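This report describes helix packing and an aromatic pair in one protein structure.

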Amino acid sequence: MRSIFRPLRCLHTPNALIPRRNVLAPSCYYSSHAADSSSSSSSSHQKWSHPPHTATVTDDEIADLTNKHQHPLSLADLVKHGRPPLSAEALFSSANFTLSLLPIRLAHRIQALRNLPFIVVSNPNISKIYHNYVHSLSTLLPWKHRTIANLDAEIRFTSVLAELVQTHQDTIPILAKGFLECRRYISPQEVTRFLDTHLRTRIGTRLIAEQHIALHYSSLPHFDPSASPTPCPEHPSYIGVIDTALSPSAVVDSCAGFVADICELKYGVRPHWVIDGEPDTTFASVPMHLEYIVTELLKNAFRATVENGRNREPVVVTIAPEPPDMGPPRLTLGAPAADKGAFKSDAIKPLDDNAPGVTIRIRDRGGGIAPEVLPNIWSYSFTTFSEEDEDEIPGTSHGGTSKDALGIISAAGGGGSSIAGLGYGLPLSRAYAEYFGGGISVQSLYGWGTDVYLRLKGVGKIDDKMSGKSV
């Protein structure tokens, strides 16, 4: 069974120039299974024993999908199918919910890429991302008018999702490299505007796919979390990729240790940190998102602290839970299908005092942000690393062509983990924080230090039918 779930390798296509906007060339169709598609086209979809691997993506299909409402995703949407292990019926419901969202999201991204200047979309890197989106849509279109109602179909659909996630693994660095090469033809403001929208949509698209994959591997028909190609934590507090008992202080400690290691490697100095406020706070959120945000914010705080000779001053992280909100409607979860694996019903710990959201303040004594720099910190085309840092960053050149945030992001695909060149961390982190209604604000006291406030909203209170208590 394990071999069935391995993600498919993404199909390779040459970085050919794409045709003018709103016209798809044959190379965009990804019809490597043309025989399957053509043979199926003569018969109705109800007669398929299973859908063909791909379908031709036409202008009409894209127009139809982009005219449909794009459902605003919430954490409640992702946990509404219940705690794992899910029954087969709940798993089918999750698959059909996923199928109802993804084609519309992919079509909107294809149209947004088409709306860029033609010379920009002709860039090989941006063209590659465009073709990846067209390919992913072509793998979902055969399912468009189907209802997933049996295990065989659900298995194949999950395999399609795994390929989709793998195909778009390096979207951010590839896009950044493309925009870097096209900087003469598109303004920094346009790049920031495009990336803000694109990254927010990508966060949701990836989360939708990864949530169903995790539910698939943690549910009764296919229970095998270790075989999942995407994160599938084997812990009773998790619903898919969402931790209903996420501890911000544990995440801060883990990320701070990682960033301190980088600082010690580069500077020979290990910064200190202190966690105060209410460190025992837990709430429901996506751990991967919080880990990314906290890592980026601590990189900035630690670097500023060390470079300003304040390494004896600890970075203070304050965790402040929001008071429980009795207003929003409560979400009810069904009981687990059975006792199986690590997802045992008796291991689920109800969180009666779980707060709906948390604010985290990161305070450093790193000298603050210069007034002339402060207006630019949210731009993807701006960073603050200095000339001497340039050698530490993979992909940068002394000619200066890569010395900005886009250059750092594009080099990130090479696996570099330098402490320098962190200007891109704030806009990317803000995109993650704002996706579910949170946010980031920066208060700089120039000459003294900086306070960064990260607010994250949780899923709120959850009613568990099994325990009859709030989670």
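Helix 10 (residues 248–267) and helix 11 (residues 287–307) pack with their axes 9 Å apart at an angle of about 45 degrees. Helix 10 is therefore oblique to helix 11, and their crossing is right-handed.

The model is predicted: local features need pLDDT of at least 70 and side-chain atom pairs pLDDT 80 or more, while totals for chains, interfaces and linings use all residues. Residues are numbered from 1 along each chain as its sequence is written, and side-chain values use heavy atoms, without hydrogens and water.

The axes of helix 4 (residues 88–114) and helix 9 (residues 188–217) come within 10 Å. Helix 4 and helix 9 are roughly antiparallel to each other (angles over 145 degrees; oblique covers what is left after under 35 as roughly parallel and 65 to 115 as roughly perpendicular). Their crossing is left-handed. Leu102, Arg105 and Leu106 of helix 4 are among the residues that meet helix 9, whose partners include Thr201, Thr205 and Ile208.

| Helix pair | Axis angle | Axis distance |
|---|---|---|
| Helix 10 and helix 11 | about 45 degrees | 9 Å |
| Helix 4 and helix 9 | roughly 160 degrees | within 10 Å |

The whole structure holds five aromatic pairs (ring centres within 6.5 Å). Tyr435 and Phe436 form one that is edge-to-face (planes over 60 degrees apart), with 5.0 Å centre to centre and 90 degrees between the planes. Both Tyr435 and Phe436 are buried (under 20% relative accessible area, 1.4 Å probe, protein chains only).

Definitions and conventions:
Axes are lines fitted to C-alpha atoms, for helices over the stretch in contact, and angles run from 0 to 180 degrees between N-to-C directions. Helices (H or I, at least four residues) and strands (E, at least two) are DSSP runs, numbered from the N terminus. A crossing is left-handed if the near helix is turned anticlockwise from the far one by less than a right angle, and right-handed if clockwise. Rings of Phe, Tyr and Trp (its six-membered ring) pair if their centres lie within 6.5 Å; planes under 30 degrees apart count as stacked, over 60 as edge-to-face and the rest as tilted. Buried means under 20% relative accessible area, exposed over 50%, partly exposed in between (1.4 Å probe, protein chains only). Contact means heavy atoms within 4.5 Å.
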